[in-house]
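Dear colleague,

Please find the structure below. My notes follow it.

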Amino acid sequence: LGLPPELSNKGNNASPNAVPSKRVGDWLRKTCGEGRFMIWNLCKTSYDAKELDHKVVHLASPCFPSLPAHRMLGLCKSVHSWKGIDSSHVAVLQCRTGRGRSSAAAACYLHYSQPNVYKNA
């Protein structure tokens, strides 16, 4: 899922780590369905998850561009478990810019969940 431009923090005075929780929560409920999403926050800082139905896992990463290997494996197992409960569940990987940690995490998860498809990756 790509976050629509009107919900991103780019171009406003919000902190780069801030998440417009109410608007994002409303959009996720509308797009994914009630109770169908879980967010893995890969930023150094956490945020109030109340408006996101408390469906946020905070995996603070002290390094850039990726999580340490043991945390990345934990993330892959966590996302895989969430998706395995119900195929309609949506995993949202969120980092400050949406390019570094979340992209690396998505690539690792794809390889973890489908190793035969990505065996040469």
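What covers the buried residues of helix 1? The cover includes strand 1 and strand 3, judged by contact, meaning heavy atoms within 4.5 Å. Buried means under 20% relative accessible area, exposed over 50% and partly exposed in between, with a 1.4 Å probe and protein chains only.

The model is predicted: local features need pLDDT of at least 70, side-chain atom pairs count only at pLDDT 80 or more, and totals for chains, interfaces and linings use all residues. Residues are numbered from 1 along each chain as its sequence is written, and side-chain values use heavy atoms, with hydrogens and water left out. Helices (H or I, at least four residues) and strands (E, at least two) are DSSP runs numbered from the N terminus.

Helix 1

Helix 1 covers residues 21-32 and reaches 16 Å from its first C-alpha to its last, close to the 16 Å expected at 1.5 Å a residue. The expected span is 1.5 Å times one less than the number of residues. Among the buried residues of helix 1 are Val-24, Trp-27, Leu-28 and Cys-32. Gly-33 follows the helix with a positive phi, near 105°.

Helix 2

Helix 2 has 17 residues and a reach of 25 Å, close to the expected 24 Å. Its buried residues are Met-72, Leu-75, Cys-76, Val-79 and Trp-82. They lie on the same side of helix 2, because they cover an arc of only 135° around the axis; the arc is taken from the directions from the helix axis to the C-beta atoms. These buried residues pack against strand 1 (37-41), strand 3 and helix 3 (101-113). The exposed residues His-70, Gly-84 and Ile-85 are on the face turned away from the buried side.

His-89

His-89 sits in the loop between helix 2 (69-85) and strand 3 (90-94). His-89 counts as buried because its relative accessibility is 8%. Its side chain reaches the backbone oxygen of Trp-82 at 2.8 Å. Leaving aside neighbours within four places in sequence, His-89 is in contact with Gly-35, Arg-36, Trp-82 and Lys-83. The C-alpha atoms of His-89 and Cys-32 are separated by 7.8 Å, with the two residues 57 apart along the chain.

Regards

Notes: Polar contact = N/O pair within 3.5 Å; in protein donor to acceptor, adjacent residues only side chain to side chain.
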